[in-house]
Amino acid sequence: MSKDNKEIGTIDLLRVFARGLLIQASWSFERMQSLGFAYAIEPVLRKLYPVQAEYESRLKLHMGYFNTQPYLASFILGAVVRLEQDRALGIKTDADVQGLKSSLMAPLGALGDSFFWGSFKPLVAVTAAALVMTGSWWAPLLFLVLYNIGHLGLRVSVLFRGYETGGDAVDLMARYRFTSWARLFKVTSLAVLGGLLGMMPLWRTEFRNEGAMPGIIEALAGMMIVLVLVEILRRGGSPVKVMLGLAAVCLVLAYGGVI
Amino acid sequence: MILSIVGIAIIGGLIGLDRTAVGQFMISQPIVAGPMMGWVLGDMTAGLIIGATLELIWILDVPVGTFVPADSTISAVSATSIAALGNPGGAPLSVIGMCLLLTTAMTLATMKADGLIRQWNSRIVEGVEGVQGQQIRMRLTRAHLSGLVVFFLKSSVLYLIFVPTGIAALKIFHYMPENVHRAMSLFVKFLPLLGVALMVRRLSIKIIDLFMLSGFVTAAVMGQMFHAPASVVVLLTLAVGWFGARYREQG
């Protein structure tokens, strides 16, 4: 087999990226994203291993347990493509490929969960929610556009970075600074949440109590209620239990003639 | 009505794919799915209120490891659909409150259903492993993509149960005393505050966070004293948090 047939181009990587969008299509408790990983990398394996038996054994190898944050899975996919290419050329071994997958999936899972689910998404969502609460019907569209520019941009970028570096996690951390961005996004989310409370008198007309109390008092009352709820949640209240508790409080207030 | 419910099951099933199986483009987030369904069914306001409220409540309930969080997409789409179909022409705040209260009953069922689906998917993997020869590529593709059908059916079946049941519950609600309606109107107003509390609880180790306070003061001053437009106030609070955090990092 000539070396030329083992070249991986941008189109190959974009194909892996597109298939990687479906990495969780058959997510299961037992193997999690295993089939998704094999499905995403399959076109590259077909190209690198024209002998059926070898292709089959590589594909089955990638059906083993795999789980990470779905966006950062792109980095591992890029890196594994590179290592499979090197393996096909005789530079790397099976152990290198398996070692890379198993060493990266847990840390990148934790990193991705903390960055994407724990800070980036909340910041964009709370900004959109604040806009909706103050009457902007277009806020959901803004949420989708902002989130996907960030998410898809990063997802494509880390795939190519994974391929270029062969899975250098130190380079990934240094280049994208996920942890410091996460801190920044979390703190900014808190400021927007405070802003949402400060704007209570400006909330949608359905939520306004016109003339019931001065605006600033209403906002302060909202802040006090939030602080009480935070304390209740800290003592082990779940969202569902607190929702039911609030409904009960509202019924008591209504039947008590307070509202 | 039956056609509408079937339509909701199909559209909701497709939206639900975004949650786990396809891409995670966030179309399935309540703040998008709620208004989208509200727009389709002619009650965008209900969709916006339900979507924004459930977004704040469930945003930090995230899938980590094997933990399957409550399906806030099903809650948002069901609540909006029940409100829109149960009150053509625009649901009042009390009805929106009732629909949001109904979502508490859906939470456990959605988690159970998600768990069952993921157990079922384990069989898919086992089915492919034994295959050998030329068939393997086709079997892998077919098996993996069959997961999409499973996820779609899960959501669709739940909509076919939740939406008619919710509409029936809403009919009973219409006959309830005025006090119950007033209570539900107040309940809706409390829910965004609960959402804020849940986020503060997860994002900060302090009960009173300095950045939250600075956002509060900025919004109160700019919004109420200087009457700045709400979107400008939101941008200002973003800027306060952003630059405050950067200043703290550098300091």
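Q: Which residues does Val124(A) touch, not counting residues up to four places away in sequence?
A: This is a predicted model, in which local features need pLDDT of at least 70 and side-chain atom pairs count only at pLDDT 80 or more, while totals for chains, interfaces and linings use all residues. Residues are numbered from 1 along each chain as its sequence is written, and chains are lettered from A and ligands numbered from 1 in the order in which they are written. Two residues are in contact if their C-beta atoms, placed from the backbone, lie within 7 Å. With residues up to four places away in sequence left out, Val124(A) touches Phe143(A), Leu146(A) and Tyr147(A).

Q: Is Val124(A) buried or exposed?
A: A residue is buried if 20 or more other C-beta atoms, placed from the backbone, lie within 10 Å of its own, exposed if 12 or fewer do, and partly exposed in between. Val124(A) lies in helix H5 of chain A. With 26 C-beta neighbours inside 10 Å, Val124(A) counts as buried.

Q: How many helices does chain A have?
A: Helices (H or I, at least four residues) and strands (E, at least two) are DSSP runs, numbered from the N terminus. Chain A has zero strands, and its number of helices is 10.

Q: What is the radius of gyration of chain A?
A: The radius of gyration is taken over C-alpha atoms, and the globule rule is 2.2 Å times the number of residues to the power 0.38. For 259 residues the rule gives 18 Å; chain A is well over this, so it is more spread out than a compact globule, with a radius of gyration of 25 Å.

Q: How far apart do the C-alpha centres of domain 1 and domain 2 of chain A lie?
A: Domain bounds come from an automatic or database domain assignment. For chain A the assignment gives domain 1 (3-184) and domain 2 (212-259). The distance between their C-alpha centres is 42 Å.

Q: How many nonpolar residues are on the side of chain A that touches chain B?
A: The contact takes 88 residues from chain A and 93 residues from chain B. Ala, Val, Leu, Ile, Met, Phe, Trp, Tyr, Cys and Pro count as nonpolar, Asp, Glu, Lys and Arg as charged, and the others, Gly among them, as polar. On the side of chain A that touches chain B, 18 residues are polar and 10 are charged, and the number of nonpolar residues is 60.
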